[in-house]
Amino acid sequence: MVLLRRVIGDALRARRQGQHRTLREVSSAANVSLGYLSEIERGQKEPSSELLAAICDALGARLSELLREVSDTVALAEQMPGVLVPVADEPVESTPVAAAAVRKATNRGVRQVTSDGAVAVQVRQDSPLKATLRTTRVRPAERDVVCAA
């Protein structure tokens with residue numbers, strides 16, 4: 001089963017680490033204790049909407065961007081069989097992805113890997129009622145550069 005608080009925590013942690021910032025820096029900027037922010041990132045606590053807005057502000061992100069990212073992750077998880085409901089320990093077919101990615105994921109105990117071209121999701125079924133989602137945004141090789149004069 002996908003826990004929303006874990007997906008939110010993963011998205012917050014990915015943004016913070018992407019900026020090369022420490023928990024201490026973000027917790028100070030968001031005016032939240034370091035321990036509580038750590039629990040939110042690990043999916044142990046579910047933040048209120050006010051706290052989530054403060055953390056997003058400290059990360060320089062819009063709340064809507066974070067929620068869209070979380071929504072995309074959950075939407076992909078809903079398309080994968082057995083992610084939102086308990087499953088038996090039998091092999092599950094996944095959508096086609098690169099063979100190397102599947103091999104790499106299987107070595108780490110990941111049961112399913114899927115991608116829609118923009119977001120890749122790996123699912124590890126920790127127990128019948130607990131699944132860990134890892135998302136990766138696929139960045140296009142080419143970027144448009146806009147110059148202002």
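This is a predicted model: local features need pLDDT of at least 70, side-chain atom pairs count only at pLDDT 80 or more; totals for chains, interfaces and linings use all residues.
View 1. Because Glu69 lies in helix H5 (residues 63-79) and Arg15 in helix H1, the pair ties together parts that are 54 residues apart in sequence.

**View 2. The salt-bridge network of Arg13, Arg16 and Glu41.** Side chains of opposite charge can pair when their charged atoms come close. Arg16 and Glu41 form a salt bridge whose closest N and O atoms are 2.7 Å apart, and this pair links distant parts of the chain, with Arg16 in helix H1 and Glu41 in helix H3, 25 residues apart. The side chains of Arg13 and Glu41 also meet in a salt bridge, at 3.0 Å from N to O, and here the partners, Arg13 in helix H1 and Glu41 in helix H3, are 28 residues apart. Arg16 and Glu41 are both buried, Glu41 having a relative accessibility of 2%, whereas Arg13 is partly exposed, with a relative accessible area of 25%. The count of salt bridges in the model comes to 4.

**View 3. The crossing of helices H1 and H3.** The axes of H1 and H3 come within 7 Å of each other and cross at roughly 115°. On the H1 side the contact is made by Arg5, Gly9, Asp10, Leu12, Arg13 and Arg16, and on the H3 side by Ser38, Ile40 and Glu41. Sorted by class, this contact of H1 with H3 has 2 nonpolar, 2 polar and 5 charged residues.

**View 4. Ser27 in helix H2.** Ser27 is buried, with a relative accessible area of 5%. When its neighbours within four places in sequence are left aside, Ser27 is in contact with Val32, Ser33, Leu34 and Leu37.

**View 5. His20 and Asn31, two loop residues with positive phi.** His20 lies in the loop between helix H1 (4-18) and helix H2 (23-30), and it has a positive phi of about 55° although it is not a glycine. Asn31 has its place in the loop between H2 and helix H3 (34-41), and its phi, near 60°, is likewise a positive value in a residue other than glycine. His20 is exposed, with a relative accessible area of 72%, and Asn31 is exposed, with a relative accessible area of 72%.

Technical notes: Residues are numbered from 1 along each chain as its sequence is written. Side-chain values use heavy atoms; hydrogens and water are left out. Helices (H or I, at least four residues) and strands (E, at least two) are DSSP runs, numbered from the N terminus. Buried means under 20% relative accessible area, exposed over 50%, partly exposed in between (1.4 Å probe, protein chains only). Contact means heavy atoms within 4.5 Å. Axes are lines fitted to C-alpha atoms, for helices over the stretch in contact, and angles run from 0 to 180 degrees between N-to-C directions. Ala, Val, Leu, Ile, Met, Phe, Trp, Tyr, Cys and Pro count as nonpolar, Asp, Glu, Lys and Arg as charged, and the others, Gly among them, as polar.
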